[in-house]
Amino acid sequence: METIPKNSAAGSGEAEVMSVRPFKVMSTIKETEDTFSMELASDDGAREFDFEPGQFNMLYMLGVGEVPISISGDPTKPKTLVHTTRAVGMVTGGMKTLKTGDIIGVRGPYGKPWPVKEAEGRDVLLATGGIGLAPLRPVIYHILAHREKYGKVVLLYGARSPEEILYRKDLEKWRARFDFETFLTVDRATGSWRGNVGVVTTLIGRAPFDHTHCTAMICGPEIMMRFTVLELQKRGVPDIDIFVSMERNMKCGVGLCGHCQMGASFVCKDGPVYRYDRIQGIFTKREL
Ligand SMILES: Cc1cc2nc3c(=O)[nH]c(=O)nc-3n(C[C@H](O)[C@H](O)[C@H](O)COP(=O)(O)OP(=O)(O)OC[C@H]3O[C@@H](n4cnc5c(N)ncnc54)[C@H](O)[C@@H]3O)c2cc1C
Ligand code: FES
């Protein structure tokens with residue numbers, strides 16, 4: 001079985017790292033009004049797609065353009081490749097119109113993953129807002145497939161409204177487990193919502209995890225990540241145990257063009273996942 005390698009610019013030929021492979025749309029799930037998950041399979045049907053939780057692909061809409069999108073599927077099921085995308089513009093809007101059987105270009109996987117290996121033996125806190133749950137979903141799949149290797153695992157997830165909650169079926173399954181704590185909140189309650197209302201940080205005080213022996217992985221809008229980091233710091237979580245995922249405009253995705261530069265770092269190559277103490281100076285600035 002041929003496996004597409006986990007790419008990195010270092011140590012691989014540039015041509016191979018940059019090569020676009022055709023993938024076929026196998027199915028599409030409407031997650032919310034503007035967000036959808038697309039399941040892809042290599043067009044030759046035989047390849048597996050090996051990736052690590054937190055990595056992203058550059059997805060190429062033929063004749064429209066290319067965008068970075070995190071891989072949101074299950075790393076233990078490498079035959080299918082899943083991305084969850086919010087349609088916000090030209091390329092992502094075009095992707096939303098793709099039908100089963102259509103072709104999309106894929107190159108990747110790129111970027112530094114979440115520290116799932118380093119988190120073994122520790123409690124894990126996953127704090128996420130909006131579409132930030134997409135890059136963290138592979139972490140959840142990974143942890144649940146190796147549940148005995150981790151301490152307490154807690155997911156805090158905030159959405160703007162109940163209608164914007166992603167992955168409802170997964171959330172139901174995760175909430176039913178005795179070894180996985182899930183807390184949901186919405187900014188604005190609508191319809192029959194009887195759950196928590198408020199920002200994600202309001203859930204941290206209720207989350208049962210060891211503040212001195214946990215790995216926190218945070219993904220969402222930068223303002224949400226900033227306040228979550230502050231709240232964790234107040235509770236004594238060391239900066240070296242906090243990880244955040246950054247988004248920047250990208251072109252090459254492999255550290256060649258400079259589009260994603262953040263200080264001395266290239267988000268596509270050195271990120272998108274960063275240990276907090278390593279980007280603290282940049283992260284705390286409002287304008288980047
Ligand atoms: C490492 C990485 C991983 C990413 N993972 C995902 C993912 O899993 N799912 C996903 O949906 N997106 C993800 N993104 C964001 C995604 O790449 C952008 O939304 C996309 O590039 C927009 O391209 P476009 O051509 O559709 O929109 P454009 O035509 O470039 O933009 C149209 C309008 O939308 C605004 N816009 C652009 N990006 C966003 C955004 N993220 N949110 C709100 N408004 C925006 C622009 O400012 C502009 O006004 C990721 C980005 C990075 C860097
Ligand atoms: S996108 Fe080109 S250097 Fe990061």
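# Close-up views of the predicted model

View 1. Tyr 60 is partly exposed, because its relative accessibility is 30% (buried means under 20% relative accessible area, exposed over 50%, partly exposed in between, with a 1.4 Å probe and protein chains only). The model is predicted: local features need pLDDT of at least 70, side-chain atom pairs count only at pLDDT 80 or more, and totals for chains, interfaces and linings use all residues. Residues are numbered from 1 along each chain as its sequence is written, chains are lettered from A and ligands numbered from 1 in the order in which they are written, and side-chain values use heavy atoms, with hydrogens and water left out.

Tyr 60 belongs to strand β5 (helices, H or I with at least four residues, and strands, E with at least two, are DSSP runs numbered from the N terminus). Together with Val 20, Leu 62 and Ile 103, Tyr 60 makes a nonpolar surface patch of about 320 Å². Patch residues have over 30% relative accessible area and no salt bridge; like charges are joined within 9 Å, nonpolar side chains (Val, Leu, Ile, Met, Phe, Trp, Tyr) within 5 Å. Areas come from the Shrake-Rupley method with a 1.4 Å probe; for residues, only the protein chains shown count as cover.

**View 2. The largest nonpolar core.** This core holds 37 residues. Leu 156, Ile 218, Leu 232 and Met 246 have the most contacts inside it. A nonpolar core is a set of buried Ala, Val, Leu, Ile, Met, Phe, Trp, Tyr and Cys residues joined through side-chain atoms within 4.5 Å. Elements that each supply at least two residues of this core include β5 (56–61), β9 (123–129), β10 (153–159) and β13 (214–219). Helix α5 gives the most, with four residues. Leu 156 touches, among others, Leu 125, Phe 183, Val 200 and Ile 204, not counting residues up to four places away in sequence (contact means heavy atoms within 4.5 Å). Apart from this core lies another, of 31 residues, among them Ile 140, Leu 155, Tyr 167 and Val 186.

**View 3. Arg 137 and Asp 170 between two helices.** The side chains of Arg 137 and Asp 170 meet in a salt bridge (2.8 Å, N to O). Arg 137 lies in helix α3 (residues 133–145) and Asp 170 in helix α4, so the pair ties together parts that are 33 residues apart in sequence. Arg 137 is buried, at 7% relative accessible area. Asp 170 is buried too, at 10%. Beyond its neighbours within four places in sequence, Asp 170 is in contact with Arg 137 and Tyr 141. A salt bridge is a side-chain nitrogen of Lys or Arg within 4 Å of a carboxyl oxygen of Asp or Glu.

**View 4. Further salt bridges.** The structure holds 15 salt bridges. Glu 222 and Arg 248 pair through their side chains (2.7 Å, N to O). Glu 222 sits in helix α5 and Arg 248 in the loop between β14 and β15 (261–262), so this pair ties together parts that are 26 residues apart in sequence. Arg 248 is buried, at 18% relative accessible area. Glu 33 bridges to Lys 30, with the closest N and O atoms 3.3 Å apart. Glu 33 is exposed, at 61%. Lys 30 is exposed, at 58%. Arg 147, Arg 177 and Asp 179 are linked in a salt-bridge network.

**View 5. Thr 190 in a loop.** Thr 190 is in the loop between β11 (181–186) and β12 (196–197). Its relative accessibility of 23% makes Thr 190 partly exposed. Leaving aside neighbours within four places in sequence, Thr 190 is in contact with Ser 161, Pro 162 and Glu 163. Its side chain makes a polar contact with the side chain of Glu 163 (2.7 Å). A polar contact is a pair of N or O atoms within 3.5 Å; within protein, one must be able to donate a hydrogen and the other to accept it, and residues adjacent in sequence count only if both atoms are side-chain atoms.
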